[in-house]
Each structure stands twice: as C-alpha cells, then as structure tokens.
Amino acid sequence: ETECKETSCTDTKKEEETSSSCCDDPVCPDSSTASDIPAAAAAVVDAAAAPVGINTDQLGITNFVYKRTRPFHTQRLLGLLNLWPIPIKENLDIKEFSNKDKFKEEDGSVSPFVGVLRSKGFVWMAPNKWYGANEDSYRHDTAMYWSHAGKHLGITSAGKWWGTIEKEEMKLYFQDNEREYERILSDDFVTEEWSDRRQELVFIGTSISQERIESELDKCLLTDTELDYYRQDALRNYQLTLAAENAE
C-alpha cells in the first residue's frame, strides 16, 4: 500500500506512517546515504521472493541516487505518486513486479516506477499557499522523508532543515562529533542560496530506467518562473517572521 500524510492524496489506499529514522528538530543526518546502497540492495533481494542462490546481478538489481537543488511542486509530485504501481501480493515477487505488462495503464503507458523495490531519502516540497487560510508555508523549512519498500510508500516530516538555523547554533548539536558537523556542511549544504534543502533519493530495483524516473521527477520540480516566485515568497515570509519575533 502507499501511504501519505498529504490531504491532497486522493488514492484511497494511502494511509499515514511515521518515520522513526529522523530526529525532530532540526533534521538529523539520515543513515540512508549512497554508501549503503549495495547492502540495501542485498537486503531487498533477501526480503523478496528470489530463487535460492540468485544474486543481485543475476536479477538485474541496479541503483542510483536522484539529486536536485530545487523544490518539488507539491501537487505535481503527489499526482505522480498516486500513479505508483502497487504489487498485488504482500510477499514481493521480483520477476512479477518487474513485468511491465502487468502494470500497463488503459492507454498502454507504463509507469517508470515499475520494478522499483526500494526507495528512500529526503525531499523538499514547495508550499501550496504561503499566506492566509490553509497556508502551508512550513514546507519551506521542513525536510520530508520519503520511505518506500514494496507495497508501502510514505512521505513524512523529518524535522527542519539545518539551514533554518545559524551555523553557530547548529554546531552546538555536534559538540561531541565535530567531524559529522563538517561532513554535513560539506556534503549536505549543496547551495549557497538554499543551504541543505535538496532532493536526495536512493532508488533500488530490477530493470529500472534511471532516465525515465529522473525525467518524471524532474517534471515535478518548480519551473524557473515558479522558482522566481518561490524566492519572493520565501523572502517575504522570512521578513514577516523576523518582524513578528522582534515585536515580541
């Protein structure tokens, strides 16, 4: 089943899930980095209905990391996730799940996510509305954690991006682990403008197309024009927040 906390998720199979791999405030570094892909791929095979003695190479298990430095348009991303192919069986059969004919839409199209067995990482989602009733400006500062395995897909809050606080304040969290502090600044602060806000998703699967998956996800990113408006709204939101804090 797929799971989502977003009210705009229309798939009736989506339910809520809480991620236990991230701290609350601010977001802690995730253990699901690119370095653990081989071990994760092997675990996927162990958990699936793979014939005894078959390794990841023989099953065509491949992996890649999707990285981008602009936010997803929330509605476009959720629309894409609503089309995620759902295996019928609870026990995942790798050969069956990689059979694209079983997941064809009425128009003959096939989801690029067919064959994806495991995916996880951080996502950056743009607010739908910055001000007024039902505003969700919190998205700008909130890292979301994407966790998917077989029939289960969830996107949940992982706390705040490190870039929401000053580096000196951030350093206090790493008084006993300065090396990790330096690693985060080096590896996770990917842009000067947006600090550690980013898309970083690991995909593991059989017979998957990196090009097609990246293409579909790229369509969900903000366009250049949308990003320009995002900058203006983010700056205004920061100014209003600062003014409110100073007035207290």
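Ser 207 sits in the loop that runs between β5 (199–206) and α6 (210–218); helices (H or I, at least four residues) and strands (E, at least two) are DSSP runs, numbered from the N terminus. This is a predicted model, in which local features need pLDDT of at least 70 and side-chain atom pairs count only at pLDDT 80 or more, while totals for chains, interfaces and linings use all residues. Residues are numbered from 1 along each chain as its sequence is written, and side-chain values use heavy atoms, with hydrogens and water left out.

With a relative accessible area of 45%, Ser 207 is partly exposed, a class between buried (under 20%) and exposed (over 50%), for a 1.4 Å probe and protein chains only. Ile 61 is 146 residues away from Ser 207 in sequence, yet their C-alpha atoms are 6.9 Å apart.

The largest pocket holds about 970 Å³ of space. A pocket is an open set of points on a 1 Å grid over the protein atoms alone, where a 1.4 Å probe fits, with protein on both sides within 12 Å along at least five of seven lines; lining residues have an atom within 4 Å of a point. Its volume is the space filled by probe spheres set on the points, which are joined across faces, edges and corners. There are 27 lining residues, and the closest to the centre are Asp 141, Gly 163, Thr 164, Arg 197 and Tyr 238. Helices α4 (167–171) and α7 (224–247) each supply at least two lining residues, and α7 gives the most, with 8.

Tyr 238 belongs to α7.
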